[in-house]
Amino acid sequence: MFEKILSRPVTILMFFASMFILGIIAFNLIPLELKPDTEYPQLIVSVSWTNVSPETIEKKVISVIEAEIYTLENIYKVSSESRSSYGSISIEYKMDTDMNFAYLALNEKLFQVKKDLPEAVRNRVYIRKYVPREEADESRELISYNIFGHISLEELGLIIENDLEHVLTSIEGVNSVEISGIPKNELRILLDRNKAEFYGINISHFSKLYQYGNLINAGEVRDDAGLQFTVDIDNELTSAEQIGNIVLKYSNGVPIRIKDVSEISIANKEHTSIQRINGRESVDISVFKEPGANAISTCDKVYEAVDKFINDHSRYELRSEIKLDSTESIREELGDIKFRGLLSLIVIMLVLLFFLKNVKLSVVIVLSVGVSLLTSGFVLYFFDFTLNIVTLSGLVLSFGLLVDNSVVVLENIVRLYNHGLERFRATVDGTREVIMPVLSSTLTTVVVFIPFLYMSGERRLYWIPMAIAVGVSLLSSFFVSITFTPILTGLFLTEKYRNAIAGDDLREFAGYSRFLKFFINNRKVVLIITGLVFYVSYFLFDSYVDKGRRFSWNVENTVRVYISMPVGSTIDMSDDIIKKFEERIIQTGGYDKFTTTVSPSMSYVQILYTDEQYYSTAPFEMENELVSMAVNFSGPFISIYNPLNQSGGYRSGGTTSKSYNSTILMKGFDYEGLKTEAEKLERYLKDNPRISDVDISGTGRWWNSSDLFNYTIKIDRKKLASYYVSVTDLVREIRSSTGGAGTNVFFGGEEIEMSVKYSDYKDFNVRQLMDKVIKSGSSEFRIKEVAQITKEPVMNSISKEDQSYTRYIRYDYNASTKQTSEFMNTVKETYPLPMGYRFDEQDETYMTEEEKKEIMWLIMLAVALVFMVTSALFESLLHPFVIILSIPLSLTGVFLIFFGLGELFNEDSYMGVILLEGIVVNNSIILIHHINSKRHIGLNLMNAIISGTIERIRPVLMTSITTILGVLPLIINSDAEKNFWYSFSITTIGGLSASTFFVLTVLPVMYAFFERVRLRFGALFRN
């Protein structure tokens, strides 16, 4: 059958010619992305509540929402975090969950639970998709603009909403458009405190106002025909005059109206955030792309639409600045990987020319690689894959692997042709001889990707698309190598090229032959030395190589200022500070532009430079100026970061920089109980004379302050009831005096937020609040008579996972590192905790215990699958075991290359090790298969090993060197922090280099050793 296939060269060539053409078309049609277009089964619920403590958000909002979330289906894990003014809940679903349905179900639950939430947060609960930590510093939008001009923001916003928004949403490939920075109006009713006291008015008198502005359902009524209809009362407010005439109460028969004691206005709602560019307020437009749409072509259409909008409104002198353009990274990184891929192909071509010494035969291999890639491109397009930095990197990484199969087939065909076989017979027999090891090599590489399907973390998003891309290309290369490659090789095998590849006469390798014999005859010593080499390399790796996650805080061509404000700060306070930095930036100059984002709790400025400016002294001058400004502030935490400054930047202010040398995690299901246990442990630790400081209110993060406080008012309900005042009325009075929160009403045909509060609420302090007089009928009382206010320290962040709270107990233990660690372990083992509470492991910067176990399980599963495949193809257990031993031998190279280069061994490196398991066994398979074939024709063990190894030196070296040098362009002048393929590549280079050396030296020794052992134990068994 195989002979019949190769006897139809025209059919085969036409088939692959069609795949070549279809592949080119497919690669032009496949959408271009920066990251894989995959969806992680996780949603985030976020809520904001300005100037509210973490404890309040946790109790009043997060816990209430979580209780409903647990009633949803397919929930895998729920975790939450409550911080000052903000809370979030992360809901992780099972992998097979329909996320569109999950989103709708979650949205419905939130709609149901909003009525149980405080009024201030009902309209501030949002759902968003989860962004993996690798993309946490990247925006998910396609492109965002800042637009500004010589008109007010209100006018600018109106123009954008009328003339630009619908144009952008109509662009093919655009999913949605978000606009922020446009001032929102509110219906503001400011109650004069003096007038209110004079007329005996309090906030409870305004309760009737909340009945307005909505359609009220009054019930049902029957008409004359007996038909039943609902009755709605249209109570919509239409004007400020109408509101002003509403009667609050009667005093001696005289109506006291709202306008008598209040000022009514439609005013801009107080900012919750401010956006500026070059110190000027702007409107921010974010454009989001549809899944599967081509990012670059869609972004080009957005460019055109925005430019046309600016030109059409030139009378307003509008300007647009691109705040973020995700396609810049796409264009740059895709261009980078394409260039590196082309360079890789050139390197492979040169290596092939060196070994084959024939241009046409080298072209056969390159064409085989091209056909394999384009065939895989057609398959990827058929299954709706995208081209992105991950899949493209995988394809480039596989170039060297794609060469392997065709090299083995071509080399064997030419070898038989040089031994005298005619062209067609050499083609058929040469392919048939190696089809089994080629299939085995392909399958062993492909099966190592199967464990990726069982990954549970965020990396699954990246590695599965890459695994499929590489797997498809490798399977394509197998079919190409046993059909297309033999046909083309046969066409070039003329008498002129009969000696294109040098012969493999053993006399040409006499020195190597003697060397190999010596190794085999002293196999025990060789194996002991090999074991020592492995141990030393592992010792160096374990002792001196850093292991961790690569967190890149770098944003190229920028200098950044980050300001974290104390709890309770207003946006005006935050803005006053950031404006001083903006003034200094403008004075210093030397930049391209700068953008500012301001909120009550945090603000930041990002200064952008052109390439020419960035690599001058300008960033350092700017950094020095900003640092000299920062030292003038002691309250907020200020961080200034210049990526070019290797000293790590500048941090000062607040208490965020306080660090401790020890942290214990305590977990429990009851928040108050956990707090009590933490306080007990705090007292226990303080009794130890070596401990100088203990903190139980912080987190494991150095940038979060632990000096947070909250004012808590505890109402005495009995005393309050004696004045015939309800808790609701008292709360409303307190809220209106401290800024309050509004509710949405319909006013003039539109929904608008209405707030009722005292006009002096911004200047009202705690003492005035507690002295505030509340009138009820003929009696009156002060708030302090019915309530107590206390200032209490609170946690700056409350973390919870699957309803289990976490407390960080941080302390300084004055002793050596070893003694500090021993003391912590002693505390965890001996300190008595009640049932329901436990100590947990400190969060690790590298990998959690769960992640470590998973990665080790994946590695072992990959080894097991490789062993199973080779066992099935060899119909043996011993020889696959010898082949598997090349995996630990290859790790010697991994250990040494990371030690030698001083590189960080991260998660990408682990993935490289898994792929390495499938690659390094390929040479072993080719070698041992050929040795076995020599033994089958009657050679003794020693001669079979030596001749079999020598005859496979060339294909082993060719496949290894082409793979190693093909990967080399990926690491030359590559940013280790930016390019995820860097660690992956050096793992491949180190492991395959060591594997090649050991395969040609130690593996034959291992083969001889285990064969002797098998023969010896076989004889004992027979006796």
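**View 1. Surroundings of F898 in the predicted model.** Leaving aside residues up to four places away in sequence, F898 touches F541, V545, E903, L904, F905, S909, S983, I986 and T987. Contact here means heavy atoms within 4.5 Å.

**View 2. The largest nonpolar core.** This core holds 127 residues. L352, F452, F898, F905, M911 and I914 touch the most other members. Helix α35 (residues 981-1022) gives the largest share, 15 residues. Another core, of 27 residues, lies apart from it, with V52, I65, I91 and L117 among them. A nonpolar core is a set of buried Ala, Val, Leu, Ile, Met, Phe, Trp, Tyr and Cys residues joined through side-chain atoms within 4.5 Å. Buried means under 20% relative accessible area, exposed over 50%, partly exposed in between (1.4 Å probe, protein chains only).

**View 3. F206 and its contacts.** F206 sits in the loop between α7 (193-199) and β8 (215-222). Helices (H or I, at least four residues) and strands (E, at least two) are DSSP runs, numbered from the N terminus. F206 is buried, at 0% relative accessibility. Beyond residues up to four places away in sequence, F206 touches I189, L191, I201, L248, I258, V261, S262 and V756. The C-alpha atoms of F206 and L248 are 6.6 Å apart, although 42 residues separate them along the chain.

**View 4. The R810 and D695 side chains.** R810 belongs to strand β31 (residues 804-813). R810 is buried, with a relative accessible area of 6%. The side chains of R810 and D695 are joined by a polar contact of 2.7 Å. Such a contact is a pair of N or O atoms within 3.5 Å; within protein, one must be able to donate a hydrogen and the other to accept it, and residues adjacent in sequence count only if both atoms are side-chain atoms.

**Notes.** Residues are numbered from 1 along each chain as its sequence is written, and side-chain values use heavy atoms, without hydrogens and water. In this predicted model, local features need pLDDT of at least 70 and side-chain atom pairs count only at pLDDT 80 or more, while totals for chains, interfaces and linings use all residues.
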